[in-house]
Amino acid sequence: MSIWEYANPVKFMRSSGAALPWIVGAAVICTVGGVAWGFLTPEDYRQGSTVKIVFLHVPAAMMAINIWVMMLVASLIWLIRRHHVSALAAKAAAPIGAVMTLIALATGAIWGQPMWGTWWEWDPRLTSFLILLLFYIGYIALWSAVEDADSAADLTGVLCLVGSVFALLSRYAVLFWNQGLHQGASLSVAPGERMSAIYRYPLYLSMLGFFLLFLALLLIRTRTEIRRRRLAALQAKEARA
């Protein structure tokens, strides 16, 4: 079975409809379970109860970057192979990615105020994350501004390519600029830097939950976009009749 079969809207709707209830259930269990487990962990000896924001901040930041990467892949598939489902999936993912970026910025500010003594700092990673949010907003606005769906998919695909630079910077800014205030990777495997297992395992569960939550929302929104496209085609056909 080829993955390209799912570029057929009928095949996609049938398969996603069958899988969606299971994904939604798993997303709820993992997200609620991971976050609740994380907030029940003991306070950190250095950061106190503030450390518990990591169970929201890290999964949201991870998804903010990876959703843009998913949009990039879907946009490239559209630009190269002209599969409409991939273009609609990229369009459906953008608002979810924007919300994840907002959550990451907000929780980062909440964590940063007691740790750094300020709500915001023009740190390389924070700045690149803010720019990534602006790209998300621009991507959504461009889809809304262009009436022809194929032209909108082409233009947003190009925008997605440009924005990928800032998605990359958001992920690796700490490595590129050592002078930034932002700490290193929370899940580093380097000796002496690895997170304690008491925080690591609930964080893993929360990250899985956020991924499944994104997948569930993506399927729901993509299915809605396909139905909207079908409705527009029927209305256009009736107008010509």
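This is a predicted model: local features need pLDDT of at least 70, side-chain atom pairs count only at pLDDT 80 or more; totals for chains, interfaces and linings use all residues.
User: What share of the residues is buried?
Analyst: Buried means under 20% relative accessible area. The chain has 241 residues. The buried share of them is 43%.

User: Which pattern does the chain follow along the sequence?
Analyst: There are zero strands in the chain. Helices number six. Read in order, the pattern is α-α-α-α-α-α.

User: How far does helix 2 reach from its first C-alpha to its last?
Analyst: Helix 2 covers residues 54-81, which is 28 residues. At 1.5 Å a residue, 40 Å is expected. The model comes close to that, with a reach of 39 Å.

User: Which residue follows helix 2?
Analyst: The helix runs over residues 54-81. The residue after it has a positive phi, near 60°. That residue is Arg 82.

User: How far apart are the end C-alpha atoms of residues 126-146?
Analyst: An unreviewed UniProt entry annotates "transmembrane region" over several spans, including 60-80 and 126-146. Residues 60-80 are 100% helix, with end C-alpha atoms 30 Å apart. Residues 126-146 are 95% helix and 0% strand. Their end C-alpha atoms are apart by 31 Å.

User: What share of the contacts with a separation of 6 or more joins residues 24 or more positions apart?
Analyst: A contact means heavy atoms within 4.5 Å. Among contacts with a separation of 6 or more, the share from residues 24 or more positions apart is 76%.

Note on methods
Residues are numbered from 1 along each chain as its sequence is written. Side-chain values use heavy atoms; hydrogens and water are left out. Helices (H or I, at least four residues) and strands (E, at least two) are DSSP runs, numbered from the N terminus. The expected span of a helix is 1.5 Å times one less than its number of residues. UniProt positions are given in the numbering used here, feature names are shortened, and annotations may be inferred rather than shown by experiment. Buried means under 20% relative accessible area, exposed over 50%, partly exposed in between (1.4 Å probe, protein chains only).
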